[in-house]
Structure formats: C-alpha cells, structure tokens
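Biologist: I'd like to learn how to read side-chain features in a model. Could you take me through some, one at a time?

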Amino acid sequence: MLESSVLFGIFFLLGVAQVAPSVTTGDSGEFTAVATTLGVAHAPGYPLYTLLAKTFATLMPLGSWAYRTNLLSSILGALALTLLADALRRWGAGRVACLGAVAVLGLTPQWREQCAVTEVFTLHLLCATGLLWLVATAGERLLDPGPAASLGLLLGLGLGNHQTLVLIVPALMVCALDRPRRLMKALPAAVAGAMCGISIHLFLPLRAFKSPPLDWDHAVTFAAMRRLLTRQDYGSLSLTVEGGSAWNADLVAAQAWRSLRAMEYQFGGLAALIGLFGAATWKRSGLRLSAASVWTWVIVAGPIFLMIGRPPFDVQTSSALERFHLLPLIGMTLFFAAGLETIVRYNVLLGHAVTAVAVAAMIPGAWNQSRRGDFLAHDYGRAILRELPPRAILAIDGGDDTFYSLAFLTLSQGLRPDVAYFDRGAVVFRGPYGADFRSLPKQSKEFRRRAVEMPLAESGALWYSALSADLLPGMILSPAGYLRRPHPPAVPFHEQAGYVETMVSPRSPTFERRYRDRALNAFAAFSRGASALSANDETVGVSWMEVAVDRGGGALWVSPAVSYALAVTGYQAILKHDWIGAERAYRAQAYSDPIRAEPLADLGVVLQSAGRPALAEESFRDALRRDPRSLHAWEAWGTFLWAQSRWAECAQAYESAADLPNAGQAAHWAARARAR
C-alpha cells in the first residue's frame, strides 16, 4: 500500500509540475465547456468523461475550469500507473520490474502530454489498466459471476468514455479461452455488467432534450443518437473526417509498420529492445499471465486498429494519431516488465542497472512535454473577444481552436455574454440556419447562409472568423485583427489600431513540438500579414507571411492560404507596375509553396517586365524543374522566348505546353514559332 501511494504521489506531483495553466489547443476547450454545462461533446459524446470532469471540477474549486480538468488528467494518469504496477505485482513481477515498467511508461512523451491537458485519454488508460487489474486480482476466480460482472461493468463504462476500449476485448477473451465451459457460464454476468455500464450513454439524449450550448447531433431521436454513437460525421471506422487511405496490401502493411514505429518512438530504443527481449523470454520471467493475451492486446490495439481505420499519412493526421498509440503501449509495457524480470532473475545488479538506464533515458523527453506556461489557445481566444464590440455576432467558418477556446472562455469562464456566435457548418454550435440545415444539399446550404448572414452583415453586427475572404457574395471581408469584418465594396473599411493591439503574440514556450500549436501560432502571424497587406503595406505583410510559414512547420492550411494571399498581392503590384513589390511577393510565395511551379513562373514574368532577362530565365527554368507538367510555366516560358526571338526554343516550349491537358492555343503558337 505504501509503495502504491508513493508511486501515485510521484507521478501526480510530476503532473502538477507540467500541467497546463489554462485551455490548450485541440479538444481541451470543448471538453472543459461540456463539463461546465453538462453538454454533449463531439461524437461519440463521451458521457463518462463529462460526468466525471463535472464532478471533479465542482468539488475542486482551484483555479479556472480548464486548470481543474487539466489537473484531473494528471490524477487519472497517475492512478492508471498505480493500478498497472499492482497488477504486475499480482502476476509475480518483482519490485524492480514493476516500478521500472510503469516508470518508463509514465515517462513516455505522449503519456506526459496527455497528463498535462484536458483530454479523454487518461481516463481511457485508467479504464484499460483497471481491466488488467481486475484480471490480476481475480486470478482463478476470473470467470466467477462476480469478477465477470465487474469486468463487464468497467468495460461498459469505459466504452462511455472511448470506444477504442473494445480493442482489448479479444485479449480479455484469450485470458479465459483455456476454460471454455466456465467462459460460457460467465458470459451472461459479463454481458449484464456491460449493459449496466453502457447505460451511461442515456446521459446523451437526456441532456440533448435540455438543449445545452454544446449539443453535437442533438441526439433526441433514434436516428440522431445512432449518428452520434456511430460517428457518422467521421466515417465511423475512420479516425478523421478526411476518411481512410486506399485498400491495398502495401498501404495496409504501412499502417502496421506505422503503429510499431510509433510504439518504438515512445519507448525509445533501449526500452523497446528490452520489451522484445521480454516477449521472447516470457516463460522465463515467471509472470502468471498468458503471453498470447499480451500479444493479442498489442497487435489488435496497435497494427490491426490502424489497418482497419487506414488513417492518412499527412502530418495533421499523424499528430492526432499519437494519442491512440498509448493503448497498445500498455501491452508493450507488460513485455518490458517481463524483460526486466528475466534480467533481474539472471543477475540482480544487472537488472537494477538496466532499469536505471532505461528510466534515465526517458527523463529528457518526458520533461520536454511540460505545458507549464502554455497560454497559446487562451491568449488567442481572449484576443478575439477583445476585438468584438458590444452585442456583436461572430460567424465561425471552421477552426477547432477558435470554436473550443471561445467555448471555454464564454461558457466556462462566463466572458462576453453579450456576444452571439455560431458555426457556419451548424456542427459545433447551434446557428440561425434552421433545424433542417445539415440535411440540405451543398448548394442549398450556401443559399441559406447568404439569406441569414446578409441582413446581419448589413446591420453591422456580423463578424467572421475565417481564412477565406469570399464567404459572402456582395461583401468584402476585410481583415480586422484575428477576424474579418464584412462591408460593401463601395464602403472602405479602415482597420482600427485597437485590432493590432489585441493581436499579442500568444504565449507558448514549446509550440514547435505540437502540430496544433504550430498551426495556431502560424495563424497569429498570418493575421498580422493579412492586415498589413490589406492596408497596402506590402513589405510588412510579406514579412509576416514568411513568419507564418516558418511557424507553421508543415501545418496543412498554411501553405495554400499564404500562397493565395501572396499571389493576390503580387498581381495587385503588377497592376501598379510595382515590379519590386511584385518580385517580393512572388519570391515569398515561391518559398511558402515549394511544390507548385506557378509562383516562380509569375516571378519570371515580373523580372522580364522589370528588364532583368537573365534572372527571369533562371526563374522560368526553376519553375519547370519544380513541375514539368505545369501548363502555366510552359506558356510563360514560351512567351519569354518569343520576346527574345529564340524561335526554336520557343516552339519547343509551346509544343511541350500543347501536350498537356487544356492547352488552348499552345499548338497554334508552336506552329507560328516554327514558321519563324
């Protein structure tokens, strides 16, 4: 008991030292807001977490609601490690193996990350280790009605927090396969317990009937409830709205390898090798647990899960996927404990030394996951609220970090009750588009949006949070701080100095390490750049756009948005014959969009117009090296060669253009060049 208390205390205090002081990027703001208001979170609703977070944060009046729910994650993570250590002890592992295994697991980067923010994954891990603890505690009585019902109850409750808990059911079944008759007798008790646990989902329709501020899918009908629980908006088996990658042998194998590499990355090389050693020497370790059940846990929760879901391989999805590697990592921890136990039984001093080295190797990475001092999402949301005038209406066009930071600040913190805000997709927040909006076809949705938003814009109350400036036909959406203000084309919009003052640099000491942080921090720079470009300050605007690209670190939205803004700036400079400004804009666009040939081709046109043919030719050739199938680049190159009277080369350029789709008059110009 003392050992368990010390273990819990150490990891709880580590969590307190690393926990974020306020709302963070990702789903943190949403989960805090639904806990405050007893709302319904995004699919599949997460009723267990909502109720637990509400209870804990109410009983723990310390700091903001976000800090309390962040602190809850730290407590749940420490409890999960404590249960796992006790389970290992009951299976026969010695003190070194128990403590070494849970220390390495608790110091993995993603475990530390989840213990520092508001998320459902530490509760998910607690449910998983709780099931292991029940198996270890029951021992030979596992298939008696009492333990079987307890397993079913915890499993059902855990499914009310995260549905991927079902992935460890095959491993639990393997534990009992050697006793098939008793297993069949135990199933009714287990099913009854599971049904009792699953009944926690009744919270979702009961709260939906009350129409809380956050009410995903408004699950008051059977169809809406099914949509929520089956995650139809995400594609059910898909982990993201983008859907899964194609079904083919190579990609499916790549998903399995992706899972194994992720586990190796979390553990580090030494711990991963010890885990493989433990898997190979399982019988020598003496642990009273079936190796087949551990293998089933690791393979089903890891490679098979990704092979079924087939998540894309882009940086955004890979970042979101990191949390899902923790469940199979628990299974790998059991192998790691077996490896340590085998080494200790061979040589005690060697076992202690290996354990110490493995744990020490994890400390730097664990400490780097601290979210202490992270106010990125908080500062961003507060800046938006400061920009909005009294009784403003804010239409949000995408961006989870905008949705959720504002949900926390307005619903949990009670800030700006005069502001009305809604989601243009009618997914996160209820909007003024009507109850049938989500069932409308795409074109009808656009008509409905215009009909609703145009009067609000004409009244002067409407503001937008959006990247695009083309959301409302007939209106210009001029940058205003982090937001956009719609106004008629005939009425110029003058940005106030106060907007710039609200755009403080959000505080996030370690934003480079996380995709969502990089993406939001890049938006802060992008907004400054958009404001400067809107005020015709091209030098400052282009510089901020370059900063946005550097901060984004591969965030998917950054390159297209920055590239478009700079392309417009370059075109406007050309219209004014401002060749220096156009060159600056197109060079920055080429830097921000390193794949497409068009920015370099446009740069070549500008350099040609500025009387610098040698540099223009270099730019055209660079464009064609980037993308030899760019029609725009070949035609621009042909035009340049025509002006240089280099007829043979010009004909070849236009002939290359004519071979591409939608070539237009390229063949005609190729023939004319040949004739010359």
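**Reading the side chains**

Modeller: Let's start with a polar contact: the side chains of aspartate 86 and arginine 90 are joined by one of 2.7 Å. The term means a pair of N or O atoms within 3.5 Å; within protein, one must be able to donate a hydrogen and the other to accept it, and residues adjacent in sequence count only if both atoms are side-chain atoms. Keep in mind that this is a predicted model, where local features need pLDDT of at least 70 and side-chain atom pairs count only at pLDDT 80 or more, while totals for chains, interfaces and linings use all residues. Residues are numbered from 1 along each chain as its sequence is written, and side-chain values use heavy atoms, with hydrogens and water left out.

Biologist: Where is aspartate 86, and is aspartate 86 buried or exposed?

Modeller: Aspartate 86 sits in helix α4 (residues 65-90); helices are DSSP runs of H or I with at least four residues, strands are runs of E with at least two, and both are numbered from the N terminus. Aspartate 86 has a relative accessible area of 12%, so it is buried. Buried means under 20% relative accessible area, exposed over 50%, and partly exposed in between (1.4 Å probe, protein chains only).

Biologist: How do I read aromatic pairs?

Modeller: A pair of aromatic rings is described by the distance of the centres and the angle of the planes. Rings of Phe, Tyr and Trp (its six-membered ring) pair if their centres lie within 6.5 Å; planes under 30 degrees apart are stacked, over 60 edge-to-face, and the rest tilted. A search of the whole structure turns up 21 aromatic pairs. Phenylalanine 8 and phenylalanine 12 make a stacked one, with 5.9 Å centre to centre and 0 degrees between the planes. Both lie in helix α1 (residues 2-18), four residues apart, about one turn of the helix. Phenylalanine 8 is partly exposed at 24% relative accessibility, and phenylalanine 12 is partly exposed at 22%.

Biologist: What sits over the ring of phenylalanine 313?

Modeller: The charged end of arginine 258 does, 4.4 Å from the ring's centre. The rule is that NZ of Lys or CZ of Arg is within 6 Å of the ring centre and within 35 degrees of the ring normal. Lysine 445 likewise lies over the face of phenylalanine 437, at 5.6 Å from the ring centre.
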